[in-house]
Amino acid sequence: MSTAKILWVDDEIQLLKPHMLFLEKKNYNVTPCTNGADAVQMIDEEPFDIIFLDENMPGLSGLETLSQIKEKLPNLPVIMITKSEEEYIMEEAIGSKIADYLIKPVNPNQILLSLKKNLDNSRLISEKTTSSYQQEFRKISMNLAMVNTYEDWIELYKKLVHWEIQLESISDVGMTEILESQKNEANSQFFKFIKKNYQSWFEGDDHPVLSHELFKQIVVPQIDKENGTLLIVIDNLRYDQLRVLEPIINDYYKTVDETTFFSILPTATQYARNAIFSGLTPLKMEKNHPNYWKNDTDEGGKNLFEHDFLTAQIKRLNLDLKHDYYKITSLSRGKDLVNNFEKIKENDLTVVVYNFVDMLSHSRTEMDMIKELANNDKAYRSLTVSWFKNSPLLEMIQKSQKMGLKLIITTDHGTINTTRPSKVIGDKNISSNLRYKTGRSLSYNNKEVYAVQNPKSIQLPSIYMSSSFIFAKEDYFFAYPNNFNHFVKYYKNTYQHGGISLEEMIIPCISLEPR
């Protein structure tokens, strides 16, 4: 580790000689300076890692020196040292983004702790994170061998996401690669679990909350009619993406409850989101609402009747709810709702479907620039955060907090970065999704799919009498043999949904109250 260079600015610097000797023994290089003007000049002449700055000096005061230093080098950490405990001095120093604030007389250990916090923080965090994950790695590996319930899978996936986000902040590529291999192994085992158990979830009581049960079982009990409730469904949002958005949301709302449910198959918008709003499986949607439901091969939009589905479900559940529904598919629509947000105050329940993340993941397929910006999960999360911070959606959350609304945030399904092609053949009416297919005469590699010959057994409608469904496992995507290489080059390393993976199926729903 290289020696850190400290500039110590104090008009009584000779009295601090013992402190400087102490730091030099700890492998720090300390340069003394007796006034602010010289300090401002010295940072132009040589690089320093950190500055200790006395507040009370003749000539340029500490605060004035701080201001000039920050104008030149805004990211250089400055630790303010003062005899005064007056509040306005602390506030001004903190407002100028000081790194730390120490009150005289300071002792050597205080100084050393402050240095470690500001200079060694990233290294110490990296070492601690790596060490902790190495211990957890063994536990996760053992759990993978024993996990056999949907509750176990939820807990395991949450652990993997936690460590993925923790390791994101350190530069240990080896640890990240180890975690990635664990995720891949987990998805391989998860596919086997789903293949074995999914059908039984529609036949008995022992099953996770599924998409069509979300509204009745999770949302309805949390609706606050007195203050009003805002339900936001961010399309195509993964558990890890919500985790990195939550700290921003928590500036305005505190999380009071978190529930995890499973998306139905296919993990695609027309199936999973319609199931949420209708409270019905796709098979029952087709039967009970043939005027709203559209199969894969039908013409027209597949999610045009979500409001109608929701209204029908509220009526079926005998709920006395004044409600409204908004679907945001563009920036201008988002801004329009923000500008007229007060009109929702009279509602018991307001539902907002926000489609941006879905558009982002699909545009990643279409646009080279987006591919460059989101070439892995870490970058994809970062891009999601950048969008959210500047989106009308955040403005809606800020306004709803001021209005005192209860907030529930969820999604319909996640998405996975697909890297491996799986060949599939079918007739001309085969569905187009890259992670699932339905149609007649499907030919495929049985080891790479979950095949369902009787769609009704998993509550899916059949387009034809002999229609079947296949769902891609892990990170596979379906490709046709004709023009295979071009197809693979175009879609490889793109985010898709519709198949079976932890990322697509394990879905968060959080309930929040205004701060």
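Q: In this predicted model, does Asn483 count as buried or exposed, and at what relative accessibility?
A: Asn483 lies in the loop between strand E17 (476-479) and helix H19 (484-491), and its phi is positive, at about 60°, although Asn483 is not a glycine. A residue counts as exposed when its relative accessible area is over 50%. Asn483 therefore counts as exposed, with a relative accessibility of 54%.

Q: Where is Gln459 found, and does it count as buried or exposed?
A: Most residues other than glycine have a negative phi. Gln459, however, has a positive phi near 65°, and its place is in the loop between E15 and E16. The cut-off for a buried residue is under 20% relative accessible area, so Gln459, at 17% relative accessibility, counts as buried.

Q: Which residue in E16 is the bridge partner of Tyr436?
A: E13 and strand E16 (residues 468-472) run antiparallel and are joined by four bridges. Within E16, the bridge partner of Tyr436 is Phe471.

Q: Why is strand E4 described as largely enclosed by the rest of the structure?
A: In a regular strand the side chains alternate between the two faces of the sheet. In E4, Val78, Met80 and Thr82 point one way while Ile79 and Ile81 point the other way, and all are buried. Strand E4 (residues 78-82) is largely enclosed because the number of its residues that are buried is five of five.

Q: What is the handedness of the β-α-β crossover from E3 to E4?
A: Strand E3 (residues 50-54) pairs with E4 in the parallel sense over four bridges, and Leu53 stands opposite Met80 in E4. Between these two strands the chain passes through helix H3 (residues 62-72), and the crossover is right-handed.

Q: Which residue in E5 stands opposite Ile79?
A: E4 also pairs with strand E5 (residues 100-103), in the parallel sense and over four bridges. In that pairing, the residue of E5 opposite Ile79 is Asp100.

Q: What is the omega of the cis peptide bond that joins Lys104 and Pro105?
A: Most peptide bonds are trans. Pro105 sits in the loop between E5 and helix H5 (108-119), and the bond joining Lys104 to Pro105 is cis, with an omega of about 0°.

Q: What is the omega of the cis peptide bond from Leu265 to Pro266?
A: Pro266 has its place in the loop between strand E7 (253-262) and helix H11 (269-278). The bond leading from Leu265 to Pro266 is cis, and its omega is near -5°.

Q: At roughly what angle do the axes of helix H10 and helix H17 cross?
A: Two packed helices are described by the angle between their axes and the distance between the axes. The axes of helix H10 (residues 239-249) and helix H17 (residues 377-389) come within 9 Å, and the crossing is right-handed. The angle at which these axes cross is roughly 35°.

Q: How many nonpolar residues does the contact of H10 with H17 have?
A: The residues making the contact include Val244, Leu245 and Ile248 of H10 and Tyr380, Val385 and Phe388 of H17. Charged residues also take part, among them Asp240 of H10 and Arg381 of H17. By class, the contact has three charged residues and two polar ones, and its nonpolar residues number seven.

Terms used: Residues numbered from 1 in each chain as written. Predicted model: local features only at pLDDT ≥ 70, side-chain atom pairs only at ≥ 80, totals over all residues. Heavy atoms only, no water. Axes fitted to C-alpha atoms, helices over the stretch in contact; angles between N-to-C directions. Left-handed = near helix turned anticlockwise from the far one by under 90°. Contact = heavy atoms within 4.5 Å. Pairing = 2+ DSSP bridges. Buried < 20%, exposed > 50% of the residue type's maximum accessible area, 1.4 Å probe, protein only. Right-handed = clockwise from strand over helix to strand, strands pointing away.
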